[in-house]
Amino acid sequence: MPAVRIKDHWREQRLFDQRAVVCAVIMGLATVALVARLFVLQVTKHDYYSELSQGNRVRTEPIPAARGLILDRSGEVIAGDQPAYQLELVPEEVPDVGKTLASLVELELIRAEDVNEIERTIASSRTFDSVPIRLRMSDEDVARFAVRRFEFPGLDIKTRQTRWYPNGNLAVHALGYVGAISEQDLKHIDRAAYAGTSLIGKLGVESTYETRLHGTNGYHEVLVNAQGRSVDRQGAFVPILHTKGPTAGDDLLLSIDLKVQRVAENALAGHRGAVVALDPNTGDVIALVSLPGFDPTMFGRGITSAEYGLLQSDIDHPLFNRALRGTYPPGSTVKPVIALAGLTYHVVDPEAHKYCAGEFHLPGSSRIFHEYHNERHGSVNLDDAIARSCDVYFYGLADVLGVDRISTFMAPFGFGKVTGIDIGGEKPGILPSREWKLKAFAKPADQAWFPGETVNFGIGQGYLTVTPLQLAHYASIIATRGKIWQPRLVGAYRDPRSGEIHHLAPVSEGEITGVADEDWQRVVHGMIGVTQRGTAAAIGLHAPYVFAGKTGTAQVFSVAQNEKYVASQVSERLRDHSWFIAFAPADHPRIALAVLQENGGAGASAAAPIARKVLDAYLLDADGKVKPQT
Amino acid sequence: MIYEEVTAGSRARRTLSGAARLVLELRIDGPLVVGLALIAAYGLVVLYSASGQSLATVLRTAARLLLGAIAMLLLARVNPNFLRRSTPWLYVAGCVLLVIVAAVGHIGMGAQRWLDLGLFRFQPSELMKLAVPMMCAWYMHERPLPVSSSALAVLSVLIVLPVGLVAVQPDLGTAALIMIGGALVIVLAGLRVRVMLALLGLAAAAAWFGWSFMHDYQRRRVLTFLNPQTDPLGAGYHIIQSQIAIGSGGVFGKGWMNGSQAQLQFLPERSTDFIFAVIGEEFGLLGLLLLLLLYMFVAGRAIYLATQTQDTYARLLGGSIALTFFVYVFINAGMVTGLLPVVGVPLPLVSYGGSSVVTLLAGFGILMALYSRRKLIGS
């Protein structure tokens, strides 16, 4: 033990004071460090943290723009927006979710087998989020729920916009449809612009004019707390939140006349086929029919896989757009253009009579080409040959013209290429030629062009295929004596706010040159003959206007691809396709059309009567008088 | 030893104003009390906003402040001699209570900390925040300074025993604060700098030794504790949100009750441990500087009072009380601003809840008692 130390109060006081001063200095230094830290946070990095705090509290929620309406030429709504009802549940406001769901099953608002799935969805949602538990409620469902509403705290009916097609199937193949935005769609849209949008145009006008119809989505900022719940204030003040209203999409005014469209669809109802009617002076599509069709509404509301499977497996292919994508041999409907070629190349004397004994012998060949149904037309000139559709006459004419001249002459009439209509999916068909055959066939033996093929070409059989749209386009070119207008479905759009209508100028693709006026007249005269004394004389009877037409019958040999037909249907489906093209009035045409009825038999009996109904619907008023030209 | 009341028989008494007379009568230190009152008032204003405009919270806190103020005023009148003599008994009683808590303590906050006394729940560990430095000061009172090695050994035991009892509750934050309170007495008692450095070196070696024996997951836990940003959704969430709150407040703040981080509950523990961030967000750098200024004033005044006392017990205890107060402030502010790891230490006089307000004010009461009855040597 060292010597006992005596307390020295003065020394101890000094020691303490010294220590206290050191501690105070350390305190001061610590405070300086703290202040420096605060300076870094609040001054140097203030902007950074401001942004973080802003991002924390404000969430931008999109406001979807109303999709533009689609109207026909007279303003009738073809596609519009309609609210759909759905039942939503806020988990934290429901006292007993299990019991609630059970009661809903009793009310037949949800199905018992869906309950587990719904419970899972609820469990995985935040407790204050509104969870949709039943979509697509009918008015009756809504009413049934409404009367028992008080029994279901935390449940509510919410509305959302869906696409509504008041006429159902009508014009569906022109219109297209909207559906949920898919992975595929996301690749070529601006995701930011589509935030909040649930439906996108998939086909037809809905797809082509998507940008115009979609409009511009707006947004509103909402204040959210740390739980992500939207709150309306923060402390004492309501903060400034920005809102930008959406801009509704433009309304589209189709050139389609729904009245004519209805007549056409009704006339063709029960058959497979297509009707395309154009205004030959502008290219405006008056009617575009492909039957059978389908109800586009079901895609907008969410089609089930069962429904889609049913549409796909349907033997009549309702999803297939025959008007644009169905390629068929045109049959005798090509005769007017062949005749025109003969006249233009001066290889035929229109007044000269040829004798039709029902058979054509190709010079230098043993092959015999027969008249349709083995008819004999006797002595016919060009006019008769068109009016009565004499194959023998055109076999000879085609043979004299040769494939090169036919092919070259027909190309400007739109054969073998798409018309450029303003909806997608169009097929070009085939305009055969020597070059085409060289490319189309692999074996050298098949690549040569045979004279017999030219003969068949002359009556629209063989390799030549067309779509109904192409034939209507071709009819309208003859109707205007060579003027080519690109077919189009949308003639104008309307700004929904100002109501201002912007007309789109028709797109001219030039005209056929080198054809003499009297040659046009001769061919048109032959076509008028068709409806007055020729193959379609029966349907031309008592028409209050003069119209030109041409029947066609296409042999079926390529349609039945990969299909398993029920035996009883085979014969029906192997029948010839029935064609009719027409334009009216013959001298100042206002409408040109093509009608195709698959397996309808001869053109005169099936397609021609439909064409007459469409022409009447467009040209005549309620009293059956020809409407004055507007 | 003779204690003489400063005020007794003074002629100055008659010339003093009423308020000053009251101060003298109550044996309190005017500047210190004003500083504490300003902090408390500031705290209540902030708390109203931080609690989401809960008047009930503010009233409860005001009631606690009142309770603390009463404790302060009562303790300020206690004779320091009596205080010193009863120190060992208080210490022993505190330790016994800690043992009882460990044995039959009421389960609160997932840890055993409370003793339910019927009217209110009592936290013995809070008592120890004062009892430990008192005990250390008592032990050194008759012994010569600077502290000798044998005294250091005894003091270590006196500190470690209650700290260990609190740590097993487990309440590491309070245990650390108790230890700091005791350690500060030793430092003020003149512990040699080289001994301090040696102890620090020993602690570092122990940490390194422990680290090398730790499993990976334990190391990760330690690292997350030291650097919470590595775990932004877990431990790091608090500190990241509090830095956003403070940083976005800028120089002038977003305004009272208008701090989005606090009001929209992005800031966790906004009315308790992280209320410093609310001040930073709503009142900005200026608001925080004002607060720190008040704290510095109180701590500085308290140290000054401690240096003016005239025996070892009073000096050591007073100094410890003053410094501990500042250490609380620094740990809380350091934690909220990201300078220090997150430990649950409330901001003195401002944070909501706990009996710490009462303890704190009781401590200042003792300090004032020690100061106001100075030994009048040589005057």
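**View 1. The contact between chain A and chain B draws on 38 residues from chain A and 46 residues from chain B.** On the side of chain A that touches chain B, the elements that give two or more residues are helix 1 (9–44) and helix 2 (46–57) of chain A. Helix 1 of chain A supplies the largest share of that side, 19 residues. Sorted by class, the side of chain A that touches chain B comprises 21 nonpolar, nine polar and eight charged residues. The model shown in this and the following views is predicted.

**View 2. Five strands of chain A form an open sheet in the order 13-12-24-23-22, with antiparallel pairing.** Strand 13 and strand 22 (548–554) of chain A are the edge strands, each pairing on one side only. From one strand to the next, the twist averages 5 degrees. Seven bridges connect strand 23 (residues 577–584) of chain A with strand 24 of chain A in the antiparallel sense. Within this pairing, Phe580(A) has Val595(A) of strand 24 of chain A as its bridge partner.

**View 3. Strand 12 (residues 273–278) of chain A is mostly covered, with six of its six residues buried.** In a regular strand the side chains alternate between the two faces of the sheet. In strand 12 of chain A, both faces are covered. Gly273(A), Val275(A) and Ala277(A) are buried on one side, and Ala274(A), Val276(A) and Leu278(A) are buried on the other.

**View 4. Strand 12 of chain A is joined by six bridges to strand 24 (residues 591–597) of chain A and by six bridges to strand 13 (residues 285–291) of chain A.** Strand 12 and strand 24 of chain A run antiparallel, and Val275(A) stands opposite Val595(A) in strand 24 of chain A. Strand 12 and strand 13 of chain A also run antiparallel, and the bridge partner of Leu278(A) in strand 13 of chain A is Val285(A). Strand 12 and strand 13 of chain A form a hairpin with six residues between them. In the turn of this hairpin, Gly283(A) has a positive phi of about 90 degrees.

**View 5. Helix 13 (residues 275–308) and helix 14 (residues 312–337) of chain B pack against each other with their axes 9 Å apart.** The angle between the two helices is about 165 degrees, and helix 13 and helix 14 of chain B are therefore roughly antiparallel to each other. Their crossing is left-handed. Helix 13 of chain B contributes residues including Phe276(B), Tyr295(B), Val298(B) and Ile303(B) to the contact. Among the residues from helix 14 of chain B are Arg315(B), Gly318(B), Phe325(B), Phe326(B) and Asn332(B). By class, the contact of helix 13 with helix 14 of chain B has 16 nonpolar, three polar and one charged residues.

**View 6. Chain B contains 15 helices and three strands.** Of the 379 residues in chain B, 50% are buried. Among the contacts in chain B with a separation of 6 or more, 71% involve residues 24 or more positions apart.

Note on methods
Residues numbered from 1 in each chain as written. Chains lettered and ligands numbered in written order. Predicted model: local features only at pLDDT ≥ 70, side-chain atom pairs only at ≥ 80, totals over all residues. Helix = DSSP H or I, 4+ residues; strand = E, 2+ residues; numbered from the N terminus. Buried ≥ 20, exposed ≤ 12 C-beta atoms within 10 Å, placed from the backbone. Contact = placed C-beta atoms within 7 Å. Nonpolar A, V, L, I, M, F, W, Y, C, P; charged D, E, K, R; others polar. Pairing = 2+ DSSP bridges. Axes fitted to C-alpha atoms, helices over the stretch in contact; angles between N-to-C directions. Parallel < 35°, antiparallel > 145°, perpendicular 65-115°, else oblique. Left-handed = near helix turned anticlockwise from the far one by under 90°.
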